[in-house]
Amino acid sequence: NTMFSTSLLRVGSKLIGLLLTRKGHFNTLGLRNDFGFPPGLRTKTFLLGPTTKMNLFQSVTSALDNTLASDPTAVIFGEDVAFGGVFRCTVGLRDKYGKDRVFNTPLCEQGIVGFGIGAAVAGATAIAEIQFADYIYPAFDQIVNEAAKYRYRSGNLFDCGNLTIRAPWGCVGHGSLYHSQSPEAFFAHCPGIKVVIPRGPVQCKGLLLSCIADQNPCIFFEPKILYRAAVEQVPTEAYTIPLSQAEVIQEGSDVTLVAWGTQIHVLMEVANMAQEKLGVSCELIDLQTILPWDTETVCKSVAKTGRLLISHEAPITGGFAAEISSTVQEECFLNLEAPIARVCGYDTPFPHIFEPFYIPDKWKCFDAIKKLISY
Amino acid sequence: RVLELTGCAASMVASSRSYADFTPEATFDIKKVDLHRLEEGPPLTATLTREEGLKYYRTMQTIRRMELKADQLYKQKIIRGFCHLYDGQEACAVGIEGGITLSDHLITAYRAHGYTLTRGGTVREIMAELTGRRGGIAKGKGGSMHMYTKNFYGGNGIVGAQVPLGAGVALACKYLGNDQLCVSLYGDGAANQGQIFETYNMSSLWKLPIIFICENNQYGMGTSVERSSASTEYYKRGDYIPGLRVDGMDVLCVREATKFAADHCRSGKGPILMELQTYRYHGHSMSDPGVSYRTREEIQEVRSKSDPISMLKDRMLSNNMASIEELKEIDIAVRKEIEDAAQFATTDPEPPLDDLCSHIFANDQPFEVRAATPWTKLTSTS
């Protein structure tokens, strides 16, 4: 049954998918487009009941809608969420559920998260929105010092597990320094919270619902470039995708590719290029949960292939690829055929005009695969 | 030839008339300022000389035309990314500069093009920075939100983060004993950030020479002040810090209030807070049409009744301080300056690739910067 529906989805995806024009790195809207998004090809779907065509922000709205309907304690707050949010993630929710459940906060990130922690401790399912991941730093103290340590320091007497923080994440083509950052590595260094990043609408809804249900404070980063670009058939009912489980999107035998969020689609193209031009079979893994991450799936895959490439937009030094690389070399040292390759952003602030040079695009990744194979 | 000479003579006659016929200075009544914890406020009249008037007119007109040109270039996709325009608020930048000197310091948030100009930047540099070219004021690396000149600390993207910086600059002024002060600006949206209140406390405790200025343009992005703030009397938010609420659409009002505030700081009394009530015609940024949270009628009304440039123009013309032809000449000269700058901004080359890694750190020796792949390294030279 699942196989039939999956193949149906593959056929459907070719009709439904939204491919961006490929002229260099950016299309005429200034959006990054060095990758395409034919949906369904990369989705092992969890077809539960009827589905609707949704893009990423609509899948967020759908998840929040399901939550507000089933959980009377759920509240959504953040800057500008009432009218629908700057990325339209909360459109219609205030009208449907009332202004005491979907409300705006003033411009104060530290206040928003602190307030969210309090609401969660008192028993409400608090879903806070930070307008851009770049603005999350005033709230860093609240997240790391308060939210992450609440259960631990109170000996399990109190916890803020009902808190979920959502933020748009990643580069978009014209965001420059403060609308493009990927701060997952800062939070990966903090035991007590979970960090989750989806790659498309189906994963987004499932993972977001898992985060909301999870009894730990979660940060959910949404790749902002995929808000409109990624379109898939998404189940309208609620469903969850387990956290801390990486997904093997494509099996292969020669090289393991690991990424999350937008970069998965770049690596998908790289995997195709590698197959066509080099005859190299790549296994593509979507990490999905950054913290705590699924070491088993990645290590099993590297034990099989012997080569690993990890890619992310965030700067290379101290980026999450470093953690993966270090763990894999501990576990799979004798299996490795080549040094682990990391293709990441440069060690500079996210640039203004230099963005096309900065991002780890498919040609840089392809080059890395060539070097891995010929080591 | 005769006609040419006659024409020449006529214009000579016309310009020679200007020195004899125009009023050299005039005094205007300005709106009373609301006070918080102050016995006296700025004076109720302001004196404007002809030179000052022409200078303010030219600067405000330059800012206005520059912002409109930026709007045009943005729609043509020559400027990309984020662009927050200042038209409507010109009286604030020009008035503040009229009350301080270029050796004083100023820091503001992202709606910074006007201040970059009043603080010594040129239109060419500003526009080239918007288009991200090497002739830009930040060498093309900052863009719209990050423009800097001497004693002007930007241009800051993160809302509210610039205010504690301003206090630090003020501390340096006090420490060095150079009688300078720092003007620290923020908007009505930022007024709710915690770090603003931390800054109020520090600057008041240590009596720092800082003028806090809240540019209240009624909307924080799309949220009106009533919906975001428990108290919309931003000039009172400093609590123990004395405050003034000033009409930010009248350049003379702003100038007199700034002079008053500067005297307050320089006499060692510590910080002072000014709220400028102003208005922006454009939306929050170029991606905001600006009409979903306010009506076009409201924008039109402000434009027709309180436009800062029209107000100054009317004052000067009705007091015979300038002729309408003279002002038109200024308009034409400004237009030309903007056109030249736009031309430069469009044709100047982009910064070289080496600049991607330059100035990350201060380094005497060039050092290697890790790049996207393990075998590529770039060099950072500062």
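User: At what angle do helix H4 of chain A and helix H5 of chain A pack?

Analyst: Angles under 35 degrees count as roughly parallel. In this predicted model, H4 (residues 109-121) and H5 (residues 140-147) of chain A pack at an angle of about 25°, and their axes are 8 Å apart. H4(A) and H5(A) are therefore roughly parallel to each other.

User: Which residues of H4(A) and H5(A) meet?

Analyst: From H4(A) come A:Gln110, A:Val113, A:Gly114 and A:Ile117; from H5(A) come A:Asp141, A:Gln142, A:Ile143, A:Glu146 and A:Ala147. By class, the residues of this contact are four nonpolar, three polar and two charged.

User: Which residues of H5(A) are buried, and what covers them?

Analyst: Buried means under 20% relative accessible area. In H5(A), A:Gln142, A:Ile143, A:Val144 and A:Ala147 are buried. Their cover includes H4, helix H6 (150-153), strand S5 (163-169), helix H7 (184-188) and strand S7 (218-223) of chain A.

User: How is helix H11 of chain A read in these terms?

Analyst: H11(A) spans residues 295-305, and its buried residues are A:Thr297, A:Val298, A:Cys299, A:Ser301, A:Val302 and A:Thr305. Among the elements of chain A that cover them are strands S9 (247-250), S10 (255-259), S11 (282-286) and S13 (308-315), together with helix H12 (320-331). Just after H11(A), A:Gly306 takes a positive phi of about 85°.

User: What does chain A look like as a whole, in its elements, its burial and its contacts?

Analyst: Chain A has 14 helices and 14 strands. Of its 375 residues, 62% count as buried. Among contacts between residues at least 6 apart in the sequence of chain A, 81% join residues at least 24 apart.

User: Is A:Gln233 buried or partly exposed?

Analyst: A:Gln233, in strand S8 (residues 231-235) of chain A, is partly exposed, with a relative accessible area of 22%. Separation in sequence and separation in space can also be read together: A:Gln233 and A:Tyr137 are 96 residues apart in sequence and 35 Å apart in space, C-alpha to C-alpha.

User: Where does B:Lys139 lie, and where does B:Gln218 lie?

Analyst: B:Lys139, which is not a glycine, has a positive phi of about 60°; B:Lys139 lies in the loop between helix H5 (123-130) and helix H6 (162-176) of chain B. B:Gln218, likewise a residue other than glycine, has a positive phi near 75°. The loop that holds B:Gln218 runs between strand S6 (210-216) and strand S7 (219-220) of chain B. At 24% relative accessibility, B:Gln218 counts as partly exposed.

User: How is empty space found?

Analyst: Rolling a probe the size of a water molecule over the atoms shows where empty space is left. Four cavities of 30 Å³ or more are present in this structure. The largest cavity has a volume of about 80 Å³. It is lined by 13 residues, of which A:Ser176, A:His352, B:Phe82, B:Gly143 and B:Ser144 are the closest to its centre. That lining has four nonpolar, eight polar and one charged residues.

User: What volume does the second largest pocket have, and which residues lie nearest its centre?

Analyst: The second largest pocket holds about 580 Å³ of space. Its lining comprises 26 residues, and A:Leu177, A:Pro349, B:Lys141, B:Gly142 and B:His146 lie nearest its centre. By class, the lining of this pocket has 14 nonpolar, 10 polar and two charged residues.

Methods. Residues numbered from 1 in each chain as written. Chains lettered and ligands numbered in written order. Predicted model: local features only at pLDDT ≥ 70, side-chain atom pairs only at ≥ 80, totals over all residues. Heavy atoms only, no water. 1 Å grid on protein atoms, 1.4 Å probe; cavity = no way out; pocket = protein on both sides within 12 Å on 5 of 7 lines; lining within 4 Å. Points joined across faces, edges and corners; volume = space filled by probe spheres on them. Nonpolar A, V, L, I, M, F, W, Y, C, P; charged D, E, K, R; others polar. Axes fitted to C-alpha atoms, helices over the stretch in contact; angles between N-to-C directions. Helix = DSSP H or I, 4+ residues; strand = E, 2+ residues; numbered from the N terminus. Parallel < 35°, antiparallel > 145°, perpendicular 65-115°, else oblique. Contact = heavy atoms within 4.5 Å. Buried < 20%, exposed > 50% of the residue type's maximum accessible area, 1.4 Å probe, protein only.
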